Amino acid sequence: MSKGKILVTGGAGYIGAHTVVELDAAGYDVVIADNFSNSTPDVLDGIERITGKRHSFMEVDCSVREEMRRLFETHPDIDAAIHFAAFKAVGESVEKPLDYYRNNIDSLLFLLEELTRNSRAGGVVFSSSCTVYGQPSKSHLPVSESAPLQPAMSPYGRTKQICEDILSDTVNAANGRLKSIALRYFNPIGAHPSALIGELPRGVPQNLLPFVTQTAIGIRRELSIFGNDYNTPDGTCIRDYIYVCDLAKAHVRAVERVLKLNGVGESLEYFNLGTGRGLSVLEVVNGFMEATGINVPYKIAERRAGDIEQVWADPSKANEVLGWVADTPLEIVFKSAWEWERKIRQKI
Ligand code: UFG
C-alpha cells in the first residue's frame, strides 16, 4: 500500500532523480514535474530501470502559474511536495539575475498557492542551501542552524534566502494547515550505485567533482585549483561534500516528518544536510585519485571570485530529529562519480 503521493518538482534533476528513487524504495507514489531545462528525458528511463516502475510524469514549467494549476488539477490527491525545481548556477545568476529571481521565486509562489488552496496537501520540503550562512565566523564552524545568516553572495543565493522567508511567512499564516521543512544542502557529489542516474552538467562544469571526473576521463586537460593561499591547513578551500544518495534519503525522512506533523506547530523547520566533515579541494582530488587509481592532472590557479574560504556542517539536528545520517564512505562516493562519468561517456 502506498504511504502517500509525493509531488517532486525538478524530479528529473540531479538530486531530484535520486530522491524519486528513495521515495519509491520507501513506499511512496511519486509524481515528477520537470521541464527538462537542465536535464533530459533519459533520466526518467534511468529511474524506471532502477525502480522497475514508470512514475507519473508531467512536463511542467513550475514558474508558469497555469501549468502549476494544471498539475494539481491532474493530481488532486497529492499529499506533500518536494520542491527542487530551480536554477542553480551561481555564476549565471550574476549575469541573469532577473531570470533567477523570476524562475526560482515564481515557482515557489505558484506551488504554495496550490498547496494552500488544495485541502489535502499539507506539507512542502524545500531545497535550500548552506549559501545562506555565507562565510561563518570561526566560532560558528561547524555551522549549525542557529548560526547567523549572512547576506548571500549571489542572486542565486538570495533566491534561496527569499524563498525561505516566503515559506516561513506562508506557514505562519496557514495556522497549522501547512507544514514545511527547508533543507540546507552542503555540497552534493557522486551518483547512484547503478550508474543509471547522476549529475550531468551542461558545458564546462563549474563544480569541483564533475570537473575532476571529466579531467580523469580526458575531456579536460587539467583541473584548476582555485587558490592555495587560503587560511586553511593546506591553503585550499574547505567544503562538506555529501553523497547524493545520502542526501536523497534525508528527503524521505523530511517528507515523513511533514506528513506526520501536518496540523501541528506553525513554524518552518530548517535542517543542515552535510556529513560534519570538512574536506579541502586537495583532499578531494587526492581522495578521488586514491579511490579510482586514475590520475587527475591539476595546477594551482587564481582564487575564484566569490568563493567562501571554509564551511562545513554541524548535522546533529538532522541526525537527531530526522533520524538520518550521511555515512557512505568517501571511497564509495568517489567511485560512484567515476563509474557514472565512464558510463555517460560510453553513451554520448
Ligand atoms: N573548485 C576548484 N576548481 C574547479 C571547481 C571548483 O578549485 O574547477 C573549488 C572551488 O573554488 C571551491 C570548491 O572547489 O573551493 C567547491 O566548489 P564548487 O563549485 O563545487 O562548490 P561551491 O561550494 O562553490 O558551491 C556550491 C554549490 C552552489 C551553492 C554553494 C553554497 O554549487 O550552488 O555551494 O555554498 F551556492
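This is a predicted model: local features need pLDDT of at least 70, side-chain atom pairs count only at pLDDT 80 or more; totals for chains, interfaces and linings use all residues.
User: What makes the overall fold count as agreeing with a compact globule?

Analyst: For 348 residues, a compact globule would have a radius of gyration near 20 Å, and the protein has 19 Å, which agrees. Its C-alpha atoms fill a box of roughly 55 × 45 × 40 Å along the principal axes, and 55% of the 348 residues count as buried. The protein has 11 helices and 13 strands. Among contacts with a separation of 6 or more, those between residues 24 or more positions apart account for 80%.

User: Why is the link between Asp 77 and Lys 5 called a salt bridge?

Analyst: The N to O distance between the two side chains is 2.9 Å, and the cut-off for a side-chain nitrogen of Lys and a carboxyl oxygen of Asp is within 4 Å, so the pair qualifies as a salt bridge. Asp 77 lies in the loop between helix 3 (65–74) and strand 4 (80–83), while Lys 5 belongs to strand 1 (residues 5–9), so the pair ties together parts that are 72 residues apart in sequence. The structure holds 19 salt bridges.

User: Are Asp 77 and Lys 5 buried, exposed or partly exposed, and how do you know?

Analyst: Asp 77 has 30% relative accessibility and counts as partly exposed, because that value falls between the limits of 20% and 50%. Lys 5, with a relative accessible area of 16%, is buried, because buried means under 20%.

User: What makes Lys 53 and Asp 24 a pair that ties together separate parts of the chain?

Analyst: Their side chains meet in a salt bridge with an N to O distance of 2.9 Å. Lys 53 lies in the loop between helix 2 (42–51) and strand 3 (56–59), and Asp 24 in helix 1 (residues 14–25), so the bridge ties together parts that are 29 residues apart in sequence. Lys 53 counts as partly exposed at 37% relative accessibility, whereas Asp 24, with a relative accessible area of 14%, is buried.

User: What makes Asp 45, Glu 48 and Arg 54 one network?

Analyst: Salt bridges that share partners join Asp 45, Glu 48 and Arg 54.

User: How do you know that helix 7 is largely enclosed by the rest of the structure?

Analyst: In helix 7 (residues 208–216), 9 of the 9 residues are buried, so the helix is largely enclosed. Its buried residues include Leu 208, Phe 211, Val 212 and Gln 214. What covers the buried residues includes strand 7 (187–189), strand 8, strand 10 (241–243), helix 9 (281–292) and helix 11 (330–347). Helix 7 is followed by Gly 218, whose phi is positive, near 100 degrees.

User: What makes the backbone at Asn 175 and Ala 195 worth noting?

Analyst: Most residues other than glycine have a negative phi. Asn 175, however, has a positive phi near 50 degrees, and Ala 195 has a positive phi near 60 degrees. Asn 175 lies in the loop between helix 6 and strand 6 (179–185) and is exposed, with a relative accessible area of 61%. Ala 195, in the loop between strand 7 and helix 7, counts as buried at 7% relative accessibility.

User: How do you know that the peptide bond between Leu 141 and Pro 142 is cis?

Analyst: Omega for the bond joining Leu 141 and Pro 142 is about -5 degrees, and the bond is cis, whereas most peptide bonds are trans. Pro 142 lies in the loop between strand 5 (123–129) and helix 6 (155–173).

Terms used. Residues are numbered from 1 along each chain as its sequence is written. Side-chain values use heavy atoms; hydrogens and water are left out. Helices (H or I, at least four residues) and strands (E, at least two) are DSSP runs, numbered from the N terminus. Buried means under 20% relative accessible area, exposed over 50%, partly exposed in between (1.4 Å probe, protein chains only). The radius of gyration is taken over C-alpha atoms; the globule rule is 2.2 Å times the number of residues to the power 0.38. Contact means heavy atoms within 4.5 Å.
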